[in-house]
Amino acid sequence: MAPSRDRIAEPWGARTPYRPGEPWPVRVDSFLADGVQPADVDRWVPAASLLHSNGDAMDIAVRDGRIVGVRGRAGDRVNRGRLGPKDLYGWQANSSRDRLTEPLVRVGGKLVPTDWDTAMSRIVERTRELLDVHGPGALGFYTSGQLFLEEYYTLGVIAHAGLGTPHLDGNTRLCTATAAAALKESFGCDGQPGSYTDIDHADVIALFGHNMAETQTVLWSRVLDRLAGTDPPRLLCVDPRTGPVSRSAAVHLAPRPGTNLALMNGLLHEVIAHGWIDRDYLHAHTVGFDDLRAAVASSTPEVTETVCGVPAEDVRRAARLVGGARRLLSTVLQGFYQSHQATAAAVQVNNLHLLRGMLGRPGCGVLQMNGQPTAENTRECGANGDLPGFRNWANPTHIADLARIWNVPPERIPHHGPPTHALQMMRYAEQGSIRMLWISGTNPAVSLPESARVRAVLARPGLFTVVQDLYLTETAHLADVVLPAATWGEKTGTFTNADRTVHLCEKAVEPPGQARPDLDIFLDYATRLDLRDRDGGPLVAWRDPESAYRAWQRCSEGRPCDYSGLDHAVLRERGGVQWPLDTERLYTDGRFFSDPDTCESFGRDLVTGTPLGETAYRALNPSGRAIIRSAAYAPPHEPPDDEYPLRLITGRTLYHFHTRTKTARAPQLQAAAKEVWVELSAADARRLGIAEGDMTEVATARGTVRAAARVTGIREGVIFLPFHYGYWDTPGGDHPGGAPRAANELTPTDWDPVSKQPLFKSGAARLVRVAPGAGPAAAPTTAASAPLAREVPPTEGGRAALVTEDLSLRPGGSVR
Amino acid sequence: MSLEPLLRALHDAEHALAQHFEDVAAEHRAEHEVHHVARDLARWSLRHAEALAVFSGRGVGEHAVRRVPADGYPHAVLRRERRLCLLNDLRQVHLHATAVAVDWEMLSQAAQALRRPELQRLAADCRPETLRQTAWAQGQLTVLSPQLLTVAPGG
């Protein structure tokens, strides 16, 4: 019998140490419903994680037509059998009693049940009416980071080639837009350079604003296993909070929020000044080095200390660490992506690797991470404000190519500018020029900045809102039509993780009631609208996931994200496979997808965000090299002042995803982090007279939130709020009925001008104590929200959270 | 011949441009990107003005109060409708920055003729930023004008 472990209390499970260059050992995690034994399972159905971006492969256990558990896939390259807490327990949300099981329409101010035909007819009638009177610019589509590839691609074809609207984006705008933008700026094209296997080889791993221990627990297990083995890597952690990553790090830099670019310029200054650069690589494969050298010339460690509040000596130590690495792996996430000068800072991580010539070799890689499970696919399929196949909206040849594939006239595809990003769509809806907004698989009433404004926009009488989801979310409450959707385990499709690994995720059980796969809903819409190509044939000529996938394979063929070699048979046989077929790392030969005729983007001004245009790009980079782009630090837009003296940052916890729609319906996850909290430093707690567990009010110029205080190792002057908590499980339903608790009541509407990603980690705040606490805050003790106070009871899941960890298997499943 | 009159004019023009960007930012708070980036760009012009103060014979912060220059031909279409005033304001600030960029070009040429390397360096530092200011305003117009000009807002 394999040992079992409470994976709420120990999220990363048992150690399986390994040494550099060895394959990561297998450990198969499984969790079955109470009373179910493996022998009771009728079928195991292949799937992958849909509650974070790591792409962990698993099998869904099915018994009597119901999901009864999950088990990691031993042979998969991503997780080698391991699963994180959200995957182990999150599947229980599928059978939650409050799933939407029938369409709803608004009648006399109330949402009432109806049938599919009535609901879809309403949507189609409104679409036709708006197209006739106002044109395609009146229609907007806001999708998710949790649908499947086939669904994004289909939605993209409908919006771009069918209706001709440029207003299509995903909530991946909130999590991954800067990753895409930074890759485009440096390498001319989106596409993750590195591989998770770089962890197996690296001697230094630098995590820039990436709390990997909480956002990608299985990947962090991989790092922990290297740290526990012989010849472990050394870590650099850049994060204003403390936690498992900072405690494992050789150097921890905790900069002032909003100063990442200044910090990166300081690091690059030291790397260049000490000559830790690969001149041959720079000469052969890059343009722009002289500009960077000039741009960082004044960024000495002392200047960096002044701006970032990080000791100059620590800047030097960090620079020595990355400058002396033989095999450097860097990862980047929301600490950079959701902060001031997001893209400019993320690009400097790419520059670090270009300077050091450390790209495309084992252990030498960049991972510009994603936040959501299928974020990669919105980027690839053109559902995130890009065109499919990483095509360049400013390149007429690329538009003509798409028009040929879709068999439509090129002028039907809107390309007079970049596709509209989510926050701009909200602005158009606020002004009333977007009159219909179709929201699929996301919850903007809680997840977008400045909640009060977003609620007001969504509730505008002139805006017809369609919401397609699993539950009656805060956003669904405000909708005119609600469509019940099927989810993971109830439909088939593919999706791709942050290291380009594609998984086929198969249907295991029937969806509840009348709920339908998102793909079927979009196909029905296209059929009802009778969308045609230029020869009068159906524009969307596929009927199911496999034929939709084949259409995408044709669209992606010859582009960097080439899926043509990865058909369903290959994915079924091999499990997770990277695109392009059998390409572990991109840019192994120092060649990039950055030729002016190939590239996805001609680049943007890193400070103003202005597209630079083809002429400038051709002059800068005529022959397909990597581009070293630099930028000067500028102060954040909302610095602290007397009224709001603290810097507020928001983020996620290990146990929840997005707005908790699924994770709060999994009892073990909900119990681990059941209510909102606010983190503050011991120094600020003393100054403000706040003790662990005290009820506080957090205020910014936008609003207030009530939260219990958790005193942690966070940087002084900075406070942290988790963003998961909205109102669907409170009396308010879609708005604060009592004390507000959604972090976005407080966040400013401001975004990075390059990537258009909202800057959730910016803004000034005030914190006051309003009442004594009845005990410690309900914040997890396991990771970055760990309390300084010793008497706080540890977060545990108990018997209900026991997970089997089998260490006896080899890849392929044979017993050792 | 002295360059002082041109330097003074440029000094005043950069001050006015900084104010112009601040005005655009203040007028369009609800256009969040325009609001924030316009304020960032105002800072560039202030920095240019400060650098010019050394040469222009004016003190730092001492400048003629100038109104935003007229753009040659008034844009009746954009002015008529409230919702289009964003386009009008972006157009105005674009033209203003373009005028300043042209002045920098003239200064650079004259400095070269007079063998004034310190002024040449100044122009070489500032003019590219002025051009980025013009490009920003034009870029915003490129993105925003299709929606604002072709899709009427609702109630």
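**Helix H2 of chain B**

I began at the residue that follows H2(B), which is B:Gly57; its phi is positive, near 80 degrees. The model is a predicted one, and I read every entry below with that in mind. I then checked the length of helix H2, residues 32-56 of chain B. Its 25 residues, at 1.5 Å a residue, should span 36 Å, and the end C-alpha atoms are 35 Å apart, so the two values agree.

**Confidence in chain A**

I looked up the pLDDT of chain A: the mean is 97, and 99% of the residues reach 70 or more. Residues 812-816 of chain A fall below 50. I noted that this stretch still has eight contacts in the model beyond near neighbours in sequence.

**Strand S5 of chain A**

I asked how many of the seven residues of S5(A), residues 66-72, are buried. Five are, so the strand is largely enclosed by the rest of the structure.

Next I went through its pairings. S4(A), residues 57-63, runs antiparallel to S5(A) over six bridges, and A:Arg63 has A:Arg66 as its bridge partner there. These strands form a hairpin with two residues between them, where A:Asp64 takes a positive phi near 50 degrees. S2(A), residues 28-32, also pairs with S5(A) in the antiparallel sense, over three bridges. In that pairing I found A:Ser30 bridged to A:Arg71.

**Nonpolar cores**

Which residues touch the most other members of the largest nonpolar core? I found A:Phe208, A:Leu236 and A:Trp488, out of 198 residues in that core. In general, nonpolar side chains of soluble globular proteins tend to be buried together.

I listed the contacts of A:Phe208, leaving aside neighbours within four places in sequence. Among them are A:Leu236, A:Val238, A:Met264, A:Leu267, A:Phe336, A:Val349 and A:Leu352. A:Ser330, A:Thr331, A:Val332 and A:Leu333 are in contact with A:Phe208 as well. Apart from this core lies another, of 64 residues, including A:Cys381, A:Val502, A:Leu539 and B:Val151.

**A:Thr653**

I located A:Thr653 in the loop between strand S23 (646-651) and helix H26 (667-672) of chain A. Is A:Thr653 buried or exposed? Its relative accessibility is 1%, and the cut-off for buried is under 20%, so A:Thr653 counts as buried.

Methods: Residues numbered from 1 in each chain as written. Chains lettered and ligands numbered in written order. Heavy atoms only, no water. Helix = DSSP H or I, 4+ residues; strand = E, 2+ residues; numbered from the N terminus. Expected span 1.5 Å × (residues − 1). Core = buried A, V, L, I, M, F, W, Y, C linked by side-chain atoms within 4.5 Å. Buried < 20%, exposed > 50% of the residue type's maximum accessible area, 1.4 Å probe, protein only. Contact = heavy atoms within 4.5 Å. pLDDT = per-residue confidence, 0-100. Pairing = 2+ DSSP bridges.
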